[in-house]
Amino acid sequence: MATIKLTINNQPRTLDVEPDMPLLWAIRDVVGLTGTKFGCGIAQCGACTVHLDGSPVRSCSVPVSAVSGQKITTIEGLSKNADHPVQKAWIAHQVPQCGYCQSGQIMSAVALLKTTPKPTDSDIDNAMQGNICRCGTYTRVREAIHTASAEMNTANKLPKNGAKVGKR
Ligand code: FES
Ligand code: FES
């Protein structure tokens with residue numbers, strides 16, 4: 001056993017676990033955050049995607065000891081009221097079908113929009129190709145990412161002090 005300190009969704013955690021335990025196991029079984037899903041266990045499906053210091057990783061294939069001291073964000077930590085622009089776009093486009101892959105899809109989409117605020121279809125296809133959906137929601141995923149991108153880019157253009165442009 002080892003003592004691993006890390007931060008999950010802005011909360012410091014100390015875990016007494018086997019150092020080679022996959023991060024996914026630690027998140028789900030030790031911490032109790034079950035929004036992140038187990039699909040393949042070999043970094044091939046994307047269902048287990050979380051952010052490690054802001055970048056997407058497959059948590060099934062990362063030993064928990066390798067992320068000691070780092071910041072993890074799971075689907076539960078994306079927003080307080082499921083109102084992140086990506087989550088809102090997912091609801092507006094009714095993306096989820098069975099839903100199993102969707103937390104991983106959303107985490108990959110959020111990571112994409114951080115690095116590429118206005119992605120093309122091909123940017124989206126490239127970034128999302130590791131997230132497999134048995135229900136075939138790919139077209140809706142793409143549309144929802146465009147919608148979230150538009151909302152996030154509009155929000156970024158608003159004056160920070162809330163003043164209305166052009167009015168005195
Ligand atoms: S469960 Fe991790 S990539 Fe499939
Ligand atoms: S919504 Fe069913 S696997 Fe993606």
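Biologist: How far apart do the C-alpha centres of domain 1 and domain 2 lie?

Modeller: This is a predicted model: local features need pLDDT of at least 70, side-chain atom pairs count only at pLDDT 80 or more, and totals for chains, interfaces and linings use all residues. Residues are numbered from 1 along each chain as its sequence is written, while chains are lettered from A and ligands numbered from 1 in the order in which they are written. The chain splits into domain 1 (2-77) and domain 2 (85-157), with bounds from an automatic or database domain assignment. Between the C-alpha centres of domain 1 and domain 2, the separation is 22 Å.

Biologist: Which element gives the most to the side of domain 1 that touches domain 2?

Modeller: Contact (C-beta atoms, placed from the backbone, within 7 Å) links 14 residues of domain 1 with 12 residues of domain 2. Two or more residues on the domain 1 side come from each of strand S3 (49-52) and strand S4 (55-58); helices (H or I, at least four residues) and strands (E, at least two) are DSSP runs, numbered from the N terminus. With 3 residues, the element that gives the most is S3.

Biologist: And how many charged residues are on that side of domain 1?

Modeller: Asp, Glu, Lys and Arg count as charged, Ala, Val, Leu, Ile, Met, Phe, Trp, Tyr, Cys and Pro as nonpolar, and the others, Gly among them, as polar. The side of domain 1 that touches domain 2 has 6 nonpolar and 7 polar residues, and its charged count is 1.

Biologist: What is the strand order in the sheet?

Modeller: Strands pair if DSSP finds at least two bridges between them. S1 (2-8) and S2 pair in the antiparallel sense over 7 bridges, S1 and S5 (71-73) in the parallel sense over 2, and S3 and S5 in the antiparallel sense over 2. The sheet is open, with mixed pairing and 5 strands in the order S2-S1-S5-S3-S4.

Biologist: Which are the edge strands?

Modeller: The twist averages 40 degrees from one strand to the next. Edge strands pair on one side only, and here they are S2 and S4.

Biologist: Which residue in S5 is the bridge partner of Leu-52?

Modeller: Start from Ile-8, whose bridge partner in S2 is Gln-11. Ile-8 also stands opposite Ile-72 in S5. For Leu-52, the bridge partner in S5 is Ile-72.

Biologist: Over to helix H1: is Ala-26 buried or exposed?

Modeller: Ala-26 lies in H1 (residues 23-30) and touches Leu-15, Val-17, Met-21, Val-31 and Val-64, not counting residues up to four places away in sequence. The cut-offs use C-beta atoms placed from the backbone: 20 or more others within 10 Å is buried, 12 or fewer exposed, and in between partly exposed. Because Ala-26 has 25 C-beta neighbours inside 10 Å, it counts as buried.

Biologist: At about what angle does H1 run to S2?

Modeller: Leu-23, Leu-24, Ala-26 and Ile-27 are buried in H1, and their cover includes S1, S2 (11-17) and S3. Axes are lines fitted to C-alpha atoms, for helices over the stretch in contact, and angles run from 0 to 180 degrees between N-to-C directions. H1 lies across S1, S2 and S3, and its angle to S2 is about 105 degrees.

Biologist: What angle does helix H3 make with S3?

Modeller: H3 (residues 102-115) packs on the sheet and touches S3 and S4. Its direction and that of S3 make an angle of about 35 degrees.

Notes: Two residues are in contact if their C-beta atoms, placed from the backbone, lie within 7 Å.
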